[in-house]
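Colleague: I would like a close look at the side-chain contacts in this model. Please take the pairs one by one and place each on its helix.

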Amino acid sequence: MPRPAADPAKAAQTKLLRQQAGRWLKGAREAAGLTQAELAERVGLRYYTFVSQVESGLGRLPIETQRAWAEALGMEPGEFARTLLRYYEPELYRLLFDDAGRQAAQA
């Protein structure tokens with residue numbers, strides 16, 4: 001079955017969220033006192049350009065690398081992953097965390 005055409009509004013929102021995630025990651029890297037090259041080395045990347053792409057919103061961190069990035073930035077891995085999930089998959093984030101918070105408040 002063919003995939004439906006991309007919704008331009010959704011594509012624009014995805015681009016905006018990735019750019020916001022990139023700014024957040026850049027701020028975390030700068031707060032850790034690391035250059036893009038130093039962060040790339042710490043997470044085992046051959047080239048720093050991937051860090052640059054992620055920070056500019058052109059790419060996203062694969063799930064399997066998020067622990068290494070969190071540790072390299074001196075952050076708690078679970079909180080790091082939750083923050084990225086909020087940017088990369090906002091609907092899943094809402095389902096997992098916002099709904100859980102409402103349910104706990106109602107209990």
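Modeller: What follows goes through the salt bridges, then the aromatic pairs, then a surface patch.

A caution comes before the details. The model is predicted, and side-chain atom pairs count only at pLDDT 80 or more.

Start with helix α1. It covers residues 8–31, which makes 24 residues. From its first C-alpha to its last it reaches 35 Å, close to the 34 Å expected. At its start, a side-chain oxygen of D7 comes to within 3.2 Å of the backbone nitrogen of A9. After the helix comes G33, with a positive phi near 75 degrees. The buried residues of α1 include L17, A21, G22, L25 and A28. R29 is buried as well.

A search of the whole structure finds six of them. In one, the side chains of R29 and E55 meet at 2.5 Å, N to O. R29 lies in helix α1 and E55 in helix α3, so this bridge ties together parts that are 26 residues apart in sequence. Both E55 and R29 are buried.

Now take R67 and E71. They also form a salt bridge, and their closest N and O atoms are 3.5 Å apart. These two residues sit in helix α4, four residues apart, so about one helical turn separates them. Both R67 and E71 are exposed.

Helix α5 (residues 77–88) holds another pair, R82 and E79. Their side chains meet in a salt bridge at 3.2 Å, N to O. R82 and E79 are three residues apart, so they too are separated by about one helical turn. The spacing has a simple background. An α-helix has 3.6 residues a turn, so residues three or four places apart point the same way. R82 is partly exposed, at 31% relative accessibility. E79 is partly exposed too, with a relative accessible area of 42%.

Next come the aromatic pairs. The whole structure has three. F50 and W69 make an edge-to-face pair, with 6.4 Å centre to centre and 80 degrees between the planes. This pair links distant parts of the chain: F50 is in helix α3 (residues 49–55), W69 is in helix α4 (residues 66–72), and they are 19 residues apart. What is the burial of each ring residue? W69 has a relative accessible area of 3%, under the 20% limit, so W69 is buried. F50 has 25%, between the 20% and 50% limits, so F50 is partly exposed.

The rings of Y93 and F97 have centres 4.9 Å apart and planes at 45 degrees, so this pair is tilted. Y93 and F97 both lie in helix α6, four residues apart, about one turn of the helix. Y93 counts as buried, at 18% relative accessibility. F97 counts as partly exposed, at 32%.

Together with L92, L95 and L96, F97 makes a nonpolar surface patch of about 340 Å². L95 is found in helix α6 (residues 90–106). L95 is partly exposed, with a relative accessible area of 47%. F97 therefore takes part in two features, the tilted pair with Y93 and the nonpolar patch.

How values were computed: Residues numbered from 1 in each chain as written. Predicted model: local features only at pLDDT ≥ 70, side-chain atom pairs only at ≥ 80, totals over all residues. Heavy atoms only, no water. Expected span 1.5 Å × (residues − 1). Buried < 20%, exposed > 50% of the residue type's maximum accessible area, 1.4 Å probe, protein only. Polar contact = N/O pair within 3.5 Å; in protein donor to acceptor, adjacent residues only side chain to side chain. Patch = residues over 30% accessible without salt bridge, like charges linked within 9 Å, V, L, I, M, F, W, Y side chains within 5 Å. Areas by Shrake-Rupley, 256 points an atom, 1.4 Å probe, with all protein chains shown as cover. Salt bridge = Lys/Arg side-chain N within 4 Å of Asp/Glu carboxyl O. Phe/Tyr/Trp six-rings, centres within 6.5 Å; stacked < 30°, edge-to-face > 60°.
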